[in-house]
Amino acid sequence: MMGWYQIISFLFTNGLRIFFGLYLVMAVLRLSGDRKKAGVLSACAAVFITLLSCLPIPQIYIAGAEIVIMMLIIRHLFRAELRMPLFLTFFYEITVALWEFIISAGLGIIFRSEDFLDRHTLKYMAAVWIVRALMLGIAFLALKAREGRTRVISAVAVAGLFGVIFLSGQSIITIDDEQMTTWIIFSMLILVAVLFFYLSRQYEMEKKIAHLEKEKNALLTRDYQLLKNTYAANARLFHDFHNHIEALHRYLEKDRTAEAVQYLENLRSPIEAVTQPVWVGDEAVDYLISSKITLAASRDIQVNCNIEYPQHTNIRSVDLVAILGNLLDNALEAVEGIEENLRFINLTIRRINEMLIIKLENGCKAAPVITAGELKTTKQDTDLHGWGLKSVRTTAEHYDGTVETEYGGGRFCTVVTLSYEPVKTE
């Protein structure tokens, strides 16, 4: 029978272990969710796991129940697929148990007492609290080193293997050979899991890059064809200009002013299409923005642009086209077919020091579906669609950037932040 101090200690340590597990999944898989709600659910789960710990139930069943609970919380908070979260959570539980064993055995060696290996003693709980403190430190390092999280996880796995190897060779305290062999196997499995996860992430990244290149090529081909068609139409217009002058002259000569005005109006549209305003100073990007504005106007969608773009930066034209093209395409799709007061798109581009902020707001009738941190397309062909925001995110990562989305009050907002470097021009 556990004492009250053990129950309280189990309650806090279980809560911290579950919360850190959720944080690991959120950080590594880059899931966005309510951290406060995750904390509350972690506390509730800790109460349940502590109650199970008070019963004569084998530890392996308690660990299994904890994994199931964490999967339910992840599914509830993030609506994410459970394959990768389950993989991470399973090996997270093994790693925590491994380090509790390493620290408790290490304390036993220091104080020359095998009591530290008994899970029902206060000495073992001291080892558990040390592990929780180490987990807090690792979480802090992972939070600061956003791009080095995989290296931090790898370091923990390698250190665990060295720890059990050291314990297997010591003779100060007695550790059961079967238990020692089990932990050595587990430590090696953790290393293999880290390697597998790293290779899996590399494969997923290569798939995203391949799709990104396909999206870029399709976008550039489409916009080039539109530009070519526009200029071809205007070439014919200017070629026949003397004929248009003659027609206008005849209308005015016969005082048919209304027909002359209508004739001029028909001529004005193609001329305006080729005389695009300068938005960022890049011909391809300026044409892209103007063509999207023209398309929106033809669908009775209000577009507001507020752009302040820095000149001479290392941001490539093709990357900016990919970001703006996908964002604007998503926005045009979102406002299609909804009520008039939500048929708007607001594009803002601003620079803050050496950061470029691209903010796009559009009307949205309902909150979009987000799966595994990505927007889920509403189109039937999910193989060819649904890559827009993924392409934006992959492109932003080339500039140490971020992509954040938010929905509220009938507005869906996407903010892309890019780090740029000024480029000297001669």
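Visitor: What handedness does the β-α-β unit made by β1, helix α11 and β2 have?
Guide: This is a predicted model, in which local features need pLDDT of at least 70 and side-chain atom pairs count only at pLDDT 80 or more, while totals for chains, interfaces and linings use all residues. Residues are numbered from 1 along each chain as its sequence is written, and side-chain values use heavy atoms, with hydrogens and water left out. Helices (H or I, at least four residues) and strands (E, at least two) are DSSP runs numbered from the N terminus, and a crossover is right-handed if, with the strands pointing away from the viewer, the path from the first strand over the helix to the second runs clockwise. With helix α11 spanning residues 317-335, the unit is left-handed.

Visitor: Which residue in β2 stands opposite Asn-304?
Guide: Strands β1 (residues 302-307) and β2 (residues 344-352) run parallel and are joined by six bridges, where pairing requires that DSSP find at least two bridges. Opposite Asn-304 stands Asn-346.

Visitor: Which residue in the turn between β2 and β3 has a positive phi?
Guide: Eight bridges join β2 to the antiparallel strand β3 (residues 355-363). The two strands form a hairpin with two residues between them, and the phi of about 55 degrees belongs to Asn-353.

Visitor: How are α2 and α3 oriented, roughly parallel or roughly antiparallel?
Guide: Axes are lines fitted to C-alpha atoms over the stretch in contact (heavy atoms within 4.5 Å), with angles from 0 to 180 degrees between N-to-C directions. Helix α2 (residues 35-53) packs on helix α3 (residues 59-78) at about 160 degrees, their axes 10 Å apart. Angles under 35 degrees count as roughly parallel, over 145 as roughly antiparallel, 65 to 115 as roughly perpendicular and the rest as oblique, so α2 and α3 are roughly antiparallel.
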